[in-house]
Every structure is written in C-alpha cells, then in structure tokens.
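Let's take a friendly walk through this protein chain, stopping at a few places along the way. Keep the sequence and the 3D view open as you read.

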Amino acid sequence: MKPYDNRAWFLVLPALVIVTFVGILPLVAVTNYSFQDLFSLNNPYWVGVDWYRNIVTSERFYASLGRSFLFSAIVLSIQLPLGIWIALLLQGSHRFVVSTVLVLITVPLVVPWNMIPVIWLNFINPNIGLAGRTLAWLGVAFDYKFDALHTWIVLVVMDTWHWLGLVVVLAYAGISSIPPAYYQAAAIDAASPWQVFRFIQLPKMKTVLSMAVLLRFMDSFMIYIEAFRINAGGPDSATAFLSLDLGEEIQSFNYGPSAARSIVYFLIVLTVAWIFKAATSTRAPVAMEPAKELTT
C-alpha cells in the first residue's frame with residue numbers, strides 16, 4: 001500500500017494565507033467591534049449585545065430584510081429560467097452564433113459596478129435616453145423617482161441585464177458537458193423535448209445551476225451601489241434594502257452598530273446558503289447510464 005504523503009498540503013498554504021488575511025482576520029475584527037461602542041479605535045467602550053438587541057427588535061430591520069429577500073426572489077425567478085432558455089437555444093446553433101451571443105451577453109459582467117446605475121440613469125432619461133424618449137413617445141408616464149413600482153422595475157431589469165450572462169454561461173457549460181449517448185438513448189425511447197430537458201439536461205445542469213443560484217442570491221441580497229445610485233432607497237424607503245441600512249450606519253460613523261449589522265447579514269447569507277446546500281445535496285435515485293454502444 002502506497003504511504004500517504006502529507007507534503008501535498010504545502011500546496012494549499014498560499015491559499016490559506018490569502019484567505020486568512022482577506023477573510024478570517026477582518027471577520028474576527030468586525031466581530032470584536034460589534035460588541036463595542038467605538039468613539040475611536042483607541043477608546044472603545046464595551047456594550048455587549050446591545051447593538052444586536054437593537055437590530056433584532058427593530059421593525060425597520062425586518063422591513064429591509066423582507067425587501068432584500070423579495071428582490072433576490074424576483075431576480076432569481078427571472079434570470080434562472082431566462083438563462084436556461086437562452087442556453088438551450090444556443091445548444092443547436094452554429095459555433096459562430098454561439099460565440100457571438102456569449103461574448104455579447106457577458107459584456108455587462110466586465111462593466112464596473114459603479115458605472116451600471118450611471119448607464120441606466122442615462123438610458124431611462126426622458127431627455128437623452130433611448131428608453132426614456134421611447135416611453136415618453138408612447139405616452140407612458142414612467143417616473144422611477146416617485147413611483148415605487150417603477151423603481152423596482154428599473155432595479156430588476158438593470159440587475160438582469162448585468163448578471164444574465166453569468167447564468168447563461170454556466171447553463172450552457174452544463175448542457176455542453178452532456179455526452180451524446182444520453183441523447184441517443186432518448187431518441188431511441190422517443191422522448192419528447194420536455195422529457196429530454198426534465199430527465200437529462202436539467203439533472204446534468206444541477207451542479208452549475210446550484211452555483212449560479214448561490215452566486216446570484218448572495219450578490220442580489222446585498223445589492224447596494226445600484227439601489228443607492230438609482231433612488232437612494234426611495235421612494236418612501238421602498239427600495240431600502242439591508243445593504244442600504246448598513247451603508248447609512250457606516251456613513252454616520254456608527255462603527256459599532258454597523259459592525260453588528262455586518263455580522264447579522266453575514267449570518268443570514270451563511271444560513272440561507274447552508275439550507276440551500278443541504279436541500280440540494282440530498283441523494284437522488286441513481287439513474288441507469290445509457291449504453292455507449294448499441295448492439296443488435
């Protein structure tokens with residue numbers, strides 16, 4: 001029996017060092033600050049769990065939490081089906097068409113986050129924006145500044161434009177990895193397109209779609225720059241998400257409460273990710289692999 005060589009763990013050390021400095025140490029520091037009232041870093045005052053008590057007993061916290069969950073649910077319910085549908089359309093397309101569409105649809109991913117709301121504010125401007133002038137020409141009274149529904153529409157469409165490419169790339173990668181033998185077996189059994197999708201393509205995309213769901217949930221749940229630049233949480237706090245409450249605390253130099261909020265939000269995201277992971281890791285019944293060679 002070949003002896004076990006522990007020297008391979010040395011290859012992981014660089015990653016562990018980086019994670020320690022950019023993740024673990026800041027988390028420990030923020031956790032420490034969340035139990036103190038920081039008049040200055042040299043003059044902290046221990047307050048225990050007071051900041052956490054204020055957060056969990058605040059009606060504003062639960063209202064912001066509900067809006068954050070609602071926004072994440074809306075964007076996931078739109079971007080996942082739409083991304084899968086586009087990936088399915090690309091499956092049977094010419095290689096040049098696939099390459100062109102994937103490049104164009106992923107361009108928004110490389111646009112800096114702080115420029116996304118600037119682009120869309122110009123786009124929906126009724127004086128200079130294409131969408132704004134078109135809506136005005138059609139007689140549609142679109143007012144994202146004072147109409148909460150219109151503000152939500154802008155945020156959802158903007159987020160979909162920004163992140164749809166990620167879902168499409170992941171879904172297309174999952175579909176492309178399916179061996180042709182599966183489709184051959186489905187053709188022999190006269191399976192319908194829906195059956196092919198339900199029993200072959202969707203299960204094979206499970207891993208990449210799980211990654212897409214987690215990434216999109218974590219990002220959409222903590223949306224800040226886009227919501228702040230579009231309407232700063234308005235109108236009437238209709239788009240005041242958790243991240244905007246945290247940003248308000250930081251800008252007010254309330255470092256103790258903001259540290260506590262950061263830990264609470266981190267625990268919420270971690271809990272949801274753990275629940276999702278536990279729900280998707282349940283063992284499914286083992287399906288019979290299609291024969292790679294058909295015998296007569």
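Leucine 11 sits in the segment before helix α1, which covers residues 13-33. Keep in mind that you are looking at a predicted model. Is leucine 11 buried or exposed? Exposed means over 50% relative accessible area. Leucine 11 counts as exposed because its relative accessibility is 74%. Leucine 11 also belongs to a nonpolar surface patch of about 670 Å², together with Trp9, Phe10, Val12, Leu13 and Leu16.

Now turn to helix α12, residues 242-251, which is mostly covered. How many of its ten residues are buried? The count is seven, namely Leu242, Ser243, Leu244, Asp245, Leu246, Gly247 and Glu249. The helices in this table are among the elements that cover them.

| Covering helix | Residues |
|---|---|
| α3 | residues 59-91 |
| α10 | residues 206-221 |
| α11 | residues 225-231 |
| α13 | residues 255-280 |

After α12 comes phenylalanine 253, and its phi is positive, near 65°.

Our last stop is a pair of helices. Two packed helices are described by the angle between their axes and the distance between the axes. For α4 (residues 95-106) and α7 (residues 148-176), the axes come within 8 Å and cross at roughly 145°. On the α4 side, the contact is made by Val98, Leu102, Ile105 and Thr106; α7 brings in Leu164, Gly165, Val168, Val169 and Tyr172. Which kinds of residues make up the contact of α4 with α7? Seven are nonpolar, two are polar and none is charged.

Notes: Residues numbered from 1 in each chain as written. Predicted model: local features only at pLDDT ≥ 70, side-chain atom pairs only at ≥ 80, totals over all residues. Heavy atoms only, no water. Axes fitted to C-alpha atoms, helices over the stretch in contact; angles between N-to-C directions. Helix = DSSP H or I, 4+ residues; strand = E, 2+ residues; numbered from the N terminus. Contact = heavy atoms within 4.5 Å. Nonpolar A, V, L, I, M, F, W, Y, C, P; charged D, E, K, R; others polar. Patch = residues over 30% accessible without salt bridge, like charges linked within 9 Å, V, L, I, M, F, W, Y side chains within 5 Å. Areas by Shrake-Rupley, 256 points an atom, 1.4 Å probe, with all protein chains shown as cover. Salt bridge = Lys/Arg side-chain N within 4 Å of Asp/Glu carboxyl O. Buried < 20%, exposed > 50% of the residue type's maximum accessible area, 1.4 Å probe, protein only.
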